Amino acid sequence: MNDPLSDFQISFQHIDLLVPRVNKGIQFILVISGELKIETSSRFYHMVENDLLVINRNQLYQVQGSEDNRVMILTISDAFMDHHYGDYRNRRFECYSREIDLGREDMIHSIRKLLANVMISYYRQDESYRIEVISYICQMLLILIRSFKEEGSAHEKMDTGDLRLSQIIDYMEKNYDQMMTLEEIAKKYFLSTGYLSRYFKQKMGMGFSRFLMNIRLKHSMKDLLYTSDSISQIAMNNGFPNTKSFSSLFKEVYGMTPHVYRDKHYVQKEDSVQTYSKEDTSNLIRSPEIIAKLNSMILEDQKSFSHTEIKYEKLPLNLSKPMPMKITYPDHILEIGEIIELLKEDVRSQVLDVKKDLQLKYIGIRHLFSNTAIPPEVETDEEIPTTSPYFTIDSALEFMKKHDLSLFVRADYMDISRNEEQYFTKLTQFIRHCLQLYGESFIKQWHVMFYEPYYTGVEAKELQRVYLKLHEVLKTVIPSIQVGVYMPFSFHKEQTSKNHAWQLDYGVSIDFIGYNANQNEVIDFKEMADTKFDLAKDYIKEKTDKMKHYLKRNNIEKPLHLVSWNTLSGNTRYTNGTFFRGALVLKNVLDIANDVKTVALWINTTVHEDVGKDKRYRMDGVELFHYLNGKRPAYFALMFLKRLHGEIVAHGKDYVMTKNERGYQLILMNSNIINPYYSVEDTFLQKLNKEIHITISGMAEGEYQIRKHVFDKDHGALYTKWWNLNSKHGMDAEIIDYIINSSRPSLEIFDESIEEDWSFYSYLTSNAIHFFDIRKTYN
């Protein structure tokens, strides 16, 4: 190509009339101002300011415009498309901005911007304008191909380079309503009947008669939808020999009779514009108003769509025959380290946030009898002491009781063994004190878990003895309190350690079992190969299932508490922060929701790291708050689970849909297990993005308000704002407040009228969550 722009026709014009023509190539029509009415062989398009329409190759169309319209038209040649897109002849593009499905708005915004930039570059014509124009056009075509392509019909596949075939098709398109036979056409174009029959079938993939009937059917659709003509009139006006042949072909193609189709797809009646003159009436515009109009369009459309390579999935949901399931929410244990943390105002504030937004039931604590929580008794000569060793801890317990929270105590073997007699004396006195002050209804909900880790030098008999004594002491004072054990469990061996196997013989004395499941445990972070990280996929669910089967084989069925866990995070604070894991957190909890009673979470990073001062970096838990008091991804991910209510009517690996008294709710997830070190590479992450085409059938008809919440690395992830606003000079209160207040999921509102199937698109980045609240309206 000597002239790179010879494959493109670019114009900015006012249109009164464009006479019927068969489009060559791909054409973008963008209305800058005024109105257009475009009539194709099968329908009408009413276009106003900012409306965008793509006309496909070999599509017959004509145009009528208002007095004051301004229209941009870009036509891309078949030759350019054939050269750069091998599948071009097998595709057509359904792109009309007023009829796009929900979720495609950003793509239309981007095409508009690119069209405006094409025109501005073309008229400016600086030294690089040819490269700019081709670049913008290629970006538009990428969006069109990746997001709006459909299987092409015989018309799109027709070879317009074959002049004789093109003339025959053009004649058939313009005279479809007349009597026409293969013999007449063969004679008209100086061909034998047999040769034309073979030639036509070879080129078009179907016989002459069937192709003609398809043309007539396509044109009849316009009469069926836009006129009040009878079915027999429509059949006659479009060249069918009789009503029966029209109805039979229509039912074969559309699966219903013309009468039923018209009732289901009623649209406003139209006057055909086929009475146009035989010549175009339009004029090109070259004036400063062009640049002003296009610049304003670019400035108004702030959204953009990333047209990188993405995964594409179709998700059909049929609600007409639901098998409703009850939603199961596991309660949460909020780990705070020592109970005295509850005396801090910022911790109390965080606890109340979690109580409001998540399914919080328990406060998890360690080292119950530390000197800071219950100081040693002070000798006094008073007959009745005026001080109490429980003064500090009572303040924390009163806060818990007021907000309906229970204790989940980790009783470490090491804490007990330092002075066993003293420990059990303190425990007895403390429980009696609490019963006296708060009553049994509060204390009986407490859980006490005997803990000794997997790798221990303590003999099984010793662990058994101490646990049974702990059980006896607590049950003697309050039989209704829950006493259980932590059971280490090997994923690969599918059994507990020999030092903990005694637990299998004492099920009668065990009320519950705690366990851990950490995806980081099965990864060697020195290995960088992607295949290694497949080990972590579904690890938490699989370990839970294996443990349940193991216990069942040993005749133990006790409530399970996931007291320590984590999704894949890497082994540094950097990867833990930059690798967005929202969908992984939600999916893991959803996967085990029916298997466990509680899932533990750490309140914040500061408390979590203080508990393990001897370790370089903590990977044994999921934190809800950051150092800044900002909410971490796990907080928002689990908040969506708490907001989900009603009965589950559809569910799968990465989605859940419910029906409730307000309407419906739908959660979509794009869960990806990858090497966390790759999470800083945008090019790699973009390949994990996913576009889902959702089609929901069986919804109750009516008007709905759709609330769409998007939670991903750009909408809600604390670290994104943290890195963007960080400075070598540090942060002050203003910056920190801004980060905290702006790091939350986005919200969009849409109005939808749902009559039949509802179809829309959702574009999810890696580990993103989209939450749709589909509310029925009653206006």
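Which residue in E28 is the bridge partner of lysine 690? In this predicted model, where residues are numbered from 1 along each chain as its sequence is written, local features need pLDDT of at least 70 and side-chain atom pairs count only at pLDDT 80 or more, while totals for chains, interfaces and linings use all residues. Side-chain values use heavy atoms, with hydrogens and water left out. The partner of lysine 690 is leucine 764. This pair belongs to the seven bridges that join strand E25 (residues 690-697) to E28 in an antiparallel arrangement. Helices (H or I, at least four residues) and strands (E, at least two) are DSSP runs, numbered from the N terminus, and two strands are said to pair if DSSP finds at least two bridges between them.

E25 and E28 sit in an open sheet of three strands, ordered E11-E25-E28, with mixed pairing. Strand E11 (311-318) and strand E28 (758-764) form its edges, each pairing on one side only. On average, neighbouring strands here are turned by 20° against each other, direction ignored; axes are lines fitted to C-alpha atoms, for helices over the stretch in contact, and angles run from 0 to 180 degrees between N-to-C directions.

For the chain overall, the secondary structure comes to 26 helices and 29 strands. Buried residues make up 53% of the 779 residues, where buried means under 20% relative accessible area, exposed over 50%, and partly exposed in between (1.4 Å probe, protein chains only). Of the contacts (heavy atoms within 4.5 Å) with a separation of 6 or more, 78% are between residues 24 or more positions apart.

E27 pairs with strand E26 (residues 702-711) in the antiparallel sense over nine bridges, and arginine 707 has isoleucine 749 of E27 as its bridge partner. In the segment after E29 lies asparagine 779, which counts as exposed at 95% relative accessibility. Asparagine 779 is 76 residues from glutamate 703 in sequence, yet their C-alpha atoms are 8.6 Å apart.

Five bridges join E20 to strand E13 (residues 331-335) in parallel, with histidine 332 partnered by valine 599 of E20. Strand E19 (residues 560-566) also pairs with E20 in the parallel sense, over two bridges, and leucine 562 stands opposite valine 599. E20 has a further parallel pairing over two bridges with strand E21 (residues 623-625), where tryptophan 602 stands opposite glutamate 623.

Next come the nonpolar cores, each a set of buried Ala, Val, Leu, Ile, Met, Phe, Trp, Tyr and Cys residues joined through side-chain atoms within 4.5 Å. The largest holds 109 residues, of which Leu342, Val351, Leu397, Phe430 and Trp446 touch the most other members. H23 supplies the largest share of this core, eight residues. Leaving aside residues up to four places away in sequence, phenylalanine 430 touches Leu368, Phe369, Ile374, Tyr390, Ile393, Leu397 and Trp446. A second, separate core has 35 residues, including Ile32, Ile76, Cys95 and Leu144.

Glycine 205, with a positive phi near 80°, follows H7.
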